[in-house]
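This briefing covers selected aspects of one structure, grouped by topic. The notes follow the display below.

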Amino acid sequence: MCGIAGWVDFTRDLSGEAATVAAMTATMTRRGPDGGAVWAAPHAVLGHRRLSVIDPTGGQQPMLAVEDGRVIAAISYCSEVYNHRELRRELVARGHRFESDCDTETVLRAYLEWGEDFVDRLNGMYAFAIWDVRREALVLVRDRFGIKPLYYQRGAGGVLFGTEPKALLAHPSVAAVVDTDGLRELLSLAATPGHGGYAGVDQLRPGEMIRVDRAGLHRRTYWRLPAGEHTDDLPRTVQTVRGLLEEIVSSQLVSDVPVGVLLSGGLDSSVVAALATAALRERGGGRLRTFSLDFAGYVENFQPDYMRDTPDAPYVRQMVEHLGSRHTDVVVSTAELADPTHRAVALDAIDLPYGRGDRDTALYLLCREVGRHATVAITGESADEVFGGYAWYHDPVAVAAPTFPWLGMFGHVNDDGPDSATSLLDPGLLKQLDLVGYRDAMYRDALAEVPHTAEQSGPERRMRELTYLGLTRLMPLLLDRAERMSSAGPVEARVPFLDHRLVEYVFTTPWAMKTFDGREKSLLRAATRDLLPTAVADRRKAPFPATQDPEYERALRVELRGLLERDDARLRPLLNLDRVRQAAAAPVGPRSGNEARAAIELVLRLDAWLERYHVRLDLAD
């Protein structure tokens, strides 16, 4: 996917600062390998790195709108607007002329026609910047769910912005500093909306627009989840979900470059693949390309655990045979997962020590291989948050816990103990950070945002809260991971389950209807069962896989011993060295996902981040 960056300053002439913004955009060459450019004006410089998807020859950026020989607006765009053809027809009828076939120009012309209200007309995933020359104003926009990232830092005279933190860190005025709340955010995985990780760096919130002009910075939330009333009965609801999904998947197949589907053999990705196959057949297209991830020796040595009772591969094979797709199995070895080079790419893709260990590396390696065959990959991401697929939505303990349900299910309300992922960190640091208190505050803030109706009470009210928490606090972490790892491929990952029309409709549907058959994702399964083999339709929810090969954990422990030998390691003062030594010498755990492995992965990730990004920690006493 593309990358954008820019600099606006009303107190100085930026006409000669193109090289500075070019350096900012160059940090994102991996996600935009097809070209880069910079456009400069007296008070604004826009930069762009491109991954060509729509109109490869005519969509170069930054793109300019010119009237009477003068530039009136410029745009730098990291986006995909799926209804751009419909918008274009309306704009042509209103007298606009187009010089390309790309959605970038449609969005720019929509702004010129409708002003800032144009965002209400967009359907897609997007993060972009428009410099309005006439008003001397910068408009920054992020899509309704934050599928596309956009970071910024305010300055005395304006603002810096970029798709990724690394773009901002390349500017000479921005330092990689993390304060106490920043470290709390990283370790608690609270996904507080707007938090950028680094001190002074913020994110646009999902559904937010920011205008920067001489009067300052002005925020506007143009979209939020609705309270809403659901009036359809069950058959009508199932029918509506099916119709929306057919329309959405069909629209997201539109591309001027090869498109594929990431197929896990689970319900969500299988539904997407089946709908895509049907849409291609209807329009006389070729066979669908599908891609799946597997680990070497995984099926032969698989051990069930509390999250996953079967491997993916048998279900993937059923779907490939059922659809007749052109399929590629991407088999990742343990050596590839443990390779520090690959893990470094995963860290560089996200710029922060969030992460899920080998899952991040595996997803990057999958997308790297996909990128050799297709530029666009449609995914089943976020169906669990929309339709209620996670186990904690159906676990009484998690539902009743006074915390985020993904913590409550596993008893992690107070999770700074010896079995936690933070168990190898210094006890004094953990006491200072008070991660439990931080999460509790963030949880209460999130609950205060939930849109309720007067009629909601009891279980329905609580399930509305948990659904909102999943969509606004957990989903951003997973979306960001998927967006960054796919962009490192580079691949544009599309997310049909996050079309806002579908999410609005399902969010306002009563929980009793979402679970009408006593299972998770009842509506999705009922709406699409006829498209799938029975075994796939009935398959229990399984998360993104982690390797179960003990050699991976053994490699981590070897690396941990190497960290202990580095007396000058920047992370060393933050560690409980006795526990780290014990972990380095301990035997390999019994299976994937154990807390000991998670703790080691966290330490190694923090160490790599501090070293590679030259991070300065500014922790208050």
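**Aromatic pairs**

Tyrosine 77 and phenylalanine 128 are both buried. The model described here is predicted. Across the whole structure, a search finds 16 aromatic pairs.

- The ring centres of tyrosine 77 and phenylalanine 128 lie 5.8 Å apart with planes at 35 degrees, so this pair is tilted.
- Tyrosine 77 belongs to strand S5 (residues 70–81) and phenylalanine 128 to strand S6 (residues 124–132), so that the pair links distant parts of the chain, 51 residues apart.
- Phenylalanine 387 and phenylalanine 497 form an edge-to-face pair, because their ring centres are 6.2 Å apart and their planes stand at 85 degrees.
- With phenylalanine 387 in helix H12 (residues 383–387) and phenylalanine 497 in the loop between S18 and helix H18 (500–507), the pair ties together parts that are 110 residues apart in sequence.
- Phenylalanine 387 is buried at a relative accessible area of 2%, and phenylalanine 497 counts as buried at 1%.
- A cluster of Tyr390, Trp392, Tyr393, Phe404, Trp406, Tyr443 and Trp511 is linked by ring pairs.

**Parallel sheet**

- Five strands form an open sheet with parallel pairing, in the order S16-S15-S14-S17-S18.
- Strands S16 (326–332) and S18 (492–494) are the edges, each pairing on one side only.
- Strand S15 (residues 289–295) pairs with S16 over seven bridges in the parallel sense, and serine 292 stands opposite aspartate 329 in S16.

**Helix packing**

- Helices H10 (residues 340–350) and H17 (residues 458–487) pack at about 120 degrees, their axes 9 Å apart, and their crossing is right-handed.
- Ala346, Ala349 and Ile350 of H10 meet Asp480, Arg481, Arg484 and Met485 of H17 in this contact.
- The contact comprises four nonpolar, no polar and three charged residues.

Methods:
Residues are numbered from 1 along each chain as its sequence is written. This is a predicted model: local features need pLDDT of at least 70, side-chain atom pairs count only at pLDDT 80 or more; totals for chains, interfaces and linings use all residues. Side-chain values use heavy atoms; hydrogens and water are left out. Axes are lines fitted to C-alpha atoms, for helices over the stretch in contact, and angles run from 0 to 180 degrees between N-to-C directions. Helices (H or I, at least four residues) and strands (E, at least two) are DSSP runs, numbered from the N terminus. A crossing is left-handed if the near helix is turned anticlockwise from the far one by less than a right angle, and right-handed if clockwise. Contact means heavy atoms within 4.5 Å. Ala, Val, Leu, Ile, Met, Phe, Trp, Tyr, Cys and Pro count as nonpolar, Asp, Glu, Lys and Arg as charged, and the others, Gly among them, as polar. Two strands pair if DSSP finds at least two bridges between them. Rings of Phe, Tyr and Trp (its six-membered ring) pair if their centres lie within 6.5 Å; planes under 30 degrees apart count as stacked, over 60 as edge-to-face and the rest as tilted. Buried means under 20% relative accessible area, exposed over 50%, partly exposed in between (1.4 Å probe, protein chains only).
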